[in-house]
Amino acid sequence: MTDILTAAREREAAGDVSGAIELLVDALADGPDQALESALLALRHRAFASVEDGRSDHATWPPPVEDHFPGGGVPEVAAADLDAELVRSALLHHGSLLVRGLVDEARAASLRRAIDAAFAGAAIHRDDPHAEVGDGFVPFEPEPRYPFGVYERAFANFGSGVLGVDSPRAMHEMIAALEAAGVRGLLRDYFGEPAAFSVKKTTLRRTEPDSLAGWHQDGAFLGTQTRALNIWTALSPCGVDAPGLDVFPDRFEELVPTGGDEIYDWSVSNETASRYDLSRVVRPAFDTGDALLFDHMTLHRTGVDPAMTRTRYAIEMWFFAPSTYPTDQIPILF
C-alpha cells in the first residue's frame, strides 16, 4: 500500500494527475482500504486545479432542445437509454428527470452499509473529535484556501445527513457506481466540459419519516448563473412508505420569493409554493437504484407523510461545470 501511495504521489508531481487517480482506482479493485480511499479523494480534490480554466462548448445555458417528453408530470427514462440531450430536454421543459435503475442492488446494499458506518462514526466524532471512529468516517480536509469544518458538518447533520466526503469509502463506491452507469461521459456531454462535484452539497442521507421538509431552489444560495446537475439516488425504496422527494414538474426561469416561517432563510414558504398549484406536485415512487436528476432552479422538498414508517437511504451529488463552479462549494473532480 505504501508503494502505491508513493507511486501515485510521484505521478501527480510529474503532472500526470489522471495517471495517479487511475493507479489508486486500480489498487482499490482488490478491496477496500481506508488509506487508499482517503488519498484518492484528496487527489480528486487537488486535481480540480487542472481543469478549472476549461470552458464549456455551450454558448448559452441551458442549450435549446425540443421536448422529448410531451405531457405533464416528471418524465422517466431507463438508465440504459440516458443521454445528455434527454437530460437537457427534461430539465428545460419539466424541471427534472427520473432515471430508473441507475445503480444496481448489490452496489446499493454496499452503499447503505457505508452510510450506516458513516453515521455511526459521525456521531462519535461529534461527541469527541479525537476519538477513534473506524473506517466509516474520515474527516475531510480540503486545501487550506477553502474554509471548511464544524458548520458544514452541523448543517448536514441537521438535514439528516453526513457529508459524503467524510466517508471516502462511500464516495469511492458511489463514483464507481456512476461510472459503471456511464455518468462520466453523460456529464461531459451535458456540461460540455469535465464535471466536478461539491464537497458541501454531496450528502449521504438516512432520512426518517418525521424529518423536516421545506420548499427550496438551490439556486437561492448557489446562484442562478452556475451550470449544475444534482444526481439524487435512492438506495432503498422511497416515496410511498419512506420519505422521497416532492418536485414541481416545471422549469423555473427565476428564483421563487423566499421567506416566511420556514426552515432556512432561503426556503420558500408553503403559502408561496401554493401559488404554483400544489396539486401538480409530483412525489415519485423510487425503487432501489432509481435517481432523480434536477438542477439549481428546480423547486422541491423532502417528501414526507405522517403515514410513512420506513427510513430512506439516498446519496445526492451536486455536479458543476468547472467554468461556472460556485466559489464557496469546494470542488472534487469527478
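**Charged groups and one buried glutamine**

Good morning. A negative surface patch is formed by Glu66, Asp81, Asp83, Glu85 and Asp189. Please bear in mind that this is a predicted model.

I turn now to the salt bridges, of which a search of the whole structure finds 19. One of them pairs the side chains of Arg169 and Glu37, at 2.9 Å from N to O. Arg169 belongs to helix 7 (residues 168-180) and Glu37 to helix 3 (residues 34-47), so this pair ties together parts that are 132 residues apart in sequence. Are these two residues buried or exposed? Both Arg169 and Glu37 are buried.

Two further salt bridges deserve mention. The side chains of Arg107 and Asp104 meet at 3.8 Å, N to O. Arg107 is partly exposed, with a relative accessible area of 31%, and Asp104, at 41%, is likewise partly exposed. Glu105 forms a salt bridge with Arg112, where the closest N and O atoms are 3.0 Å apart. Glu105 counts as partly exposed at 42% relative accessibility. Salt bridges with shared partners also join Glu37, Asp135 and Arg169 into one network.

Finally, consider Gln217, in the loop between strand 5 (203-207) and helix 9 (219-222). Gln217 has a relative accessible area of 2% and is therefore buried, the cut-off being under 20%. What lies 2.7 Å from a polar atom of the Gln217 side chain? That position is taken by the backbone nitrogen of Val256. Thank you.

How values were computed: Residues are numbered from 1 along each chain as its sequence is written. This is a predicted model: local features need pLDDT of at least 70, side-chain atom pairs count only at pLDDT 80 or more; totals for chains, interfaces and linings use all residues. Side-chain values use heavy atoms; hydrogens and water are left out. Patches are made of residues with over 30% relative accessible area and no salt bridge: like charges are joined within 9 Å, nonpolar side chains (Val, Leu, Ile, Met, Phe, Trp, Tyr) within 5 Å. Accessible areas come from the Shrake-Rupley method with a 1.4 Å probe; for residues, only the protein chains shown count as cover. A salt bridge is a side-chain nitrogen of Lys or Arg within 4 Å of a carboxyl oxygen of Asp or Glu. Lys and Arg count as positive and Asp and Glu as negative; His and the chain ends are not counted. The place of a charge is taken as NZ of Lys, CZ of Arg, CG of Asp or CD of Glu. Helices (H or I, at least four residues) and strands (E, at least two) are DSSP runs, numbered from the N terminus. Buried means under 20% relative accessible area, exposed over 50%, partly exposed in between (1.4 Å probe, protein chains only). A polar contact is a pair of N or O atoms within 3.5 Å; within protein, one must be able to donate a hydrogen and the other to accept it, and residues adjacent in sequence count only if both atoms are side-chain atoms.
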